[in-house]
Amino acid sequence: MTEKISIPLLLKHDFTLRAYSSIVKGFLYAIREKHGGNEALETYVRVCTMDDRIKNLTNALLDIFQLKGSDAETIGKWFEVWFELTAFEYATLERSKTSSRVKVTKCPFKTEPKDLSDWALIFTNLVSKTINPKATVERPKAMCAGDSYCEYIWKIEE
């Protein structure tokens, strides 16, 4: 019988993160290459909503991290967890019950083709709408679209 290999948890996390972000970008690039950017984004939406994948991910993190509520503050806290889990570099610029604003300066999921830049907004919208169907999200700056950083603004109209 052989001894089980011991792999440090940090290395496991790094490996998993790199594999996850690589496969997301790889599928987007492959579909884009064969069918174009619009088809890649449509397929991404289908995959994310099929079997409630993003909804289930959102609710799992809400439960695990005991995030309560459906306001912009909760949405902002959810994304802080996501950013920490996936090694983003970010700064929270504003946070209240009705509004949250974040600046992202490093993203492991950054895509190069500009016609794929909306994939991240699709994900962000799905998460936000799961937490509060009345939530809106804007992204005035996007690294995937060529900007030096991303900026996300969540609002909930009362």
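Let me begin with a helix pair: Thr74, Ile75, Trp78, Phe79 and Trp82 in H4 are in contact (heavy atoms within 4.5 Å) with Phe123, Thr124, Val127, Ser128 and Ile131 in H5. By class, this contact of H4 with H5 holds seven nonpolar, three polar and no charged residues. Here Ala, Val, Leu, Ile, Met, Phe, Trp, Tyr, Cys and Pro count as nonpolar, Asp, Glu, Lys and Arg as charged, and the others, Gly among them, as polar.

This is a predicted model, in which local features need pLDDT of at least 70 and side-chain atom pairs count only at pLDDT 80 or more, while totals for chains, interfaces and linings use all residues. Residues are numbered from 1 along each chain as its sequence is written, and side-chain values use heavy atoms, with hydrogens and water left out.

H4 and H5 pack at an angle of about 130 degrees, their axes 10 Å apart; axes are lines fitted to C-alpha atoms over the stretch in contact, and angles run from 0 to 180 degrees between N-to-C directions.

I turn now to the largest pocket. On a 1 Å grid over the protein atoms alone, a pocket is an open set of points with protein on both sides within 12 Å along at least five of seven lines, and lining residues have an atom within 4 Å of a point. Which residues lie nearest the centre of the largest pocket? They are Tyr20, Val24, Tyr44, Trp119 and Phe123, from a lining of 33 residues. H1 gives the most to that lining, with six residues. By class, the lining has 27 nonpolar, three polar and three charged residues.

How values were computed. 1 Å grid on protein atoms, 1.4 Å probe; cavity = no way out; pocket = protein on both sides within 12 Å on 5 of 7 lines; lining within 4 Å. Helix = DSSP H or I, 4+ residues; strand = E, 2+ residues; numbered from the N terminus.
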